[in-house]
Amino acid sequence: MLSISFFDLAHNAINSLGFLKGNLWFFAGVIFFAFVANFIPEPTLTPTSEVKTRKKKGDEGGKDNLKKHRQQVLFSGIITAVGISLHNFPEGMAVFLGSMKGLRVGINLALAIALHNIPEGVAVALPVYFATQSKWQAFKLATLSGFAEPLGVIIVAYLFPSSLNPEILEGLLGSVGGVMAFLTLHEMLPLAFDYAGQKQSVKAVFFGMAFMSAR
């Protein structure tokens with residue numbers, strides 16, 4: 001995604017619109033998605049160890065505390081779903097606009113965003129499953145939060161016809177580059193650091209950029 005953002009979308013916007021306009025469109029995408037990212041809550045779950053300890057000791061309030069805790073977690077899951085829906089909406093728009101640029105760009109963006117959406121779906125499903133003990137409820141809410149992306153595609157397809165002014169299209173694609181760059185550096189890279197470590201993640205970034213540049 002970094003390769004597409006910098007070497008394809010932003011590069012073409014700067015060549016077509018000039019250095020200043022191209023960068024303004026690019027950073028407009030960065031600022032827009034940074035604003036959207038503020039609506040994505042970081043779910044913080046209260047440890048259940050205290051509740052379990054009280055339950056073992058026969059504390060009569062144990063069940064009430066567990067019920068209250070589950071309600072709190074359910075609310076956290078719902079808020080997370082709403083935030084991720086807001087987050088997914090511009091991603092669908094980005095895939096559509098990237099596909100207008102070319103099939104290769106659209107497919108690569110769609111694949112990268114699809115992989116990125118897996119941990120987001122888990123972030124919604126896990127608290128809902130913990131609170132309701134229902135796999136169906138967890139699956140349903142996670143799926144509904146994902147529908148924001150095709151909704152973004154439908155809306156942007158309606159707003160922007162195929163005969164869009166080439167200069168505006170290049171500017172919008174430059175903004176898509178900014179969105180994708182921010183998404184990669186703000187969310188995907190820290191996640192990779194957590195799971196694979198910094199050294200392996202950085203190696204993977206440059207391997208991926210080299211692979212995309214060679215295509």
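Student: Which residues do ring pairs link into a cluster?

Tutor: A pair of aromatic rings is described by the distance of the centres and the angle of the planes. Rings of Phe, Tyr and Trp (its six-membered ring) pair if their centres lie within 6.5 Å; planes under 30 degrees apart are stacked, over 60 edge-to-face, the rest tilted. Here ring pairs join Phe-6, Phe-26 and Phe-27 in a cluster. This is a predicted model, where local features need pLDDT of at least 70, side-chain atom pairs count only at pLDDT 80 or more, and totals for chains, interfaces and linings use all residues. Residues are numbered from 1 along each chain as its sequence is written, and side-chain values use heavy atoms, leaving out hydrogens and water.

Student: How many aromatic pairs does the rule give?

Tutor: Four. One of them is Phe-26 with Phe-27, edge-to-face at 5.1 Å centre to centre and 85° between the planes.

Student: Is Phe-26 buried or exposed?

Tutor: Buried means under 20% relative accessible area, exposed over 50%, partly exposed in between (1.4 Å probe, protein chains only). Phe-26 is buried at 7%. Phe-27 is partly exposed at 46%.

Student: Why is the pair of Phe-33 and Phe-182 edge-to-face?

Tutor: Their planes stand at 75°, with ring centres 6.1 Å apart, so the pair is edge-to-face. Helices are DSSP runs (H or I, at least four residues), numbered from the N terminus. Phe-33 lies in helix H2 (residues 19-37) and Phe-182 in helix H8 (residues 166-196), so the pair ties together parts 149 residues apart in sequence. Both Phe-33 and Phe-182 are buried.

Definitions and conventions:
Helix = DSSP H or I, 4+ residues; strand = E, 2+ residues; numbered from the N terminus.
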